[in-house]
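Student: Please show me the complex, and then let us go through its surfaces one at a time.

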Protein chains: 2
Amino acid sequence: MSGYAPSEAARRSGFSLDTLRYYEKIGLLADVERTAGGQRVFTDDDLGWLVLFRCLRDTGMPIAQMRRYAELAREGEHTADERRELLHHHAVRVEEQMRLLQRQYDHLREKIRFYERLPEPVAEAEQATATG
Amino acid sequence: MSGYAPSEAARRSGFSLDTLRYYEKIGLLADVERTAGGQRVFTDDDLGWLVLFRCLRDTGMPIAQMRRYAELAREGEHTADERRELLHHHAVRVEEQMRLLQRQYDHLREKIRFYERLPEPVAEAEQATATG
DNA sequence: CTCCAACCTGGAGCGCGCTCCAGGTCAAGC
DNA sequence: GCTTGACCTGGAGCGCGCTCCAGGTTGGAG
């Protein structure tokens, strides 16, 4: 229920074993519990953090910022405002990222349409060059 | 009209001078014209390529693949099919990327809503942990 | 009790995409 | 003609986020 071997935590989180160890080493993941012999035992809470890190990483947050967030959370409830702001600020940048991605995707589609010679007339400067 | 100094090409393309030189060095940008003294003169065509590279890079295409595309284009018209396929394949990956980004953005928004304590009840496992 | 796969550590190395540097050249304005 | 800022080259270095390695330990199955 709550106590996963490293390989199981890796499987569930989608991070590699090395990445899990790395995240702990740099202080992103708080010190993970150990068996008497020193082997890691990941809790559901750890897994919850990993899900969050996956979310933040997939949306392009740098590790330094994730660590900042994690440290704030460890400091206690009084950092909630700062954490919310950090996430909000990140969300704004993700929105920009999404707009840019959509815009460039549209360009890409147009380029592909050019190759497929669909009847829609395209008169953009870019298409007029020999870049195709 | 058609003949830009390096600084002007950088300004128009949004790439740094170093990046422009780098792109030429690795064979991404074809050999750029020079003045008698050896200084680069970028053409409108070069600028068109840079716009394309910007598009592909912003959508996450690795440089090796961009170079492949550029080389195909230099080989001539008979590579058009392969180029179209390359772009199409990339577009598919961009679509996946957009879906993932949207999904993780939604998670992020939910997390932020949790911080703002809006009345909507959230019962996700992730929220139930101490990751907040 | 033995075996062996999974795990441990510290630290080096890597792949990507630039970015910076030293030391020298070019060219437009005065 | 001189100055000065933009430009040139080859090559080293960097920041990020892992990834791999050697050499040793642990612990569950048989």
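Tutor: Ala, Val, Leu, Ile, Met, Phe, Trp, Tyr, Cys and Pro count as nonpolar, Asp, Glu, Lys and Arg as charged, and the others, Gly among them, as polar. This is a predicted model: local features need pLDDT of at least 70, side-chain atom pairs count only at pLDDT 80 or more, and totals for chains, interfaces and linings use all residues. Residues are numbered from 1 along each chain as its sequence is written, while chains are lettered from A and ligands numbered from 1 in the order in which they are written.

Student: By class, how many residues of the surface near DNA strand D are polar?

Tutor: A residue is near a strand if its C-beta atom, placed from the backbone, lies within 6 Å of it. Around DNA strand D there are 19 residues, with Thr35(A) and Arg40(B) among those that come nearest. Of this surface, 6 residues are nonpolar and 4 charged, and the polar ones number 9.

Student: Which element gives the most to the surface near DNA strand C?

Tutor: Helices are DSSP runs (H or I, at least four residues), numbered from the N terminus. Helix H1 (6–13) of chain A and, from chain B, helices H2 (17–25) and H4 (63–75) each give two or more residues there. With 3 residues, the most comes from H2(B).

Student: Which helix gives the most to the side of chain B that touches chain A?

Tutor: The contact (C-beta atoms, placed from the backbone, within 7 Å) takes 35 residues from each of chains A and B. On the chain B side, helices H3 (44–58), H5 (80–116) and H6 (125–128) each supply at least two residues. The most, 19 residues, comes from H5(B).

Note on methods
Two residues are in contact if their C-beta atoms, placed from the backbone, lie within 7 Å.
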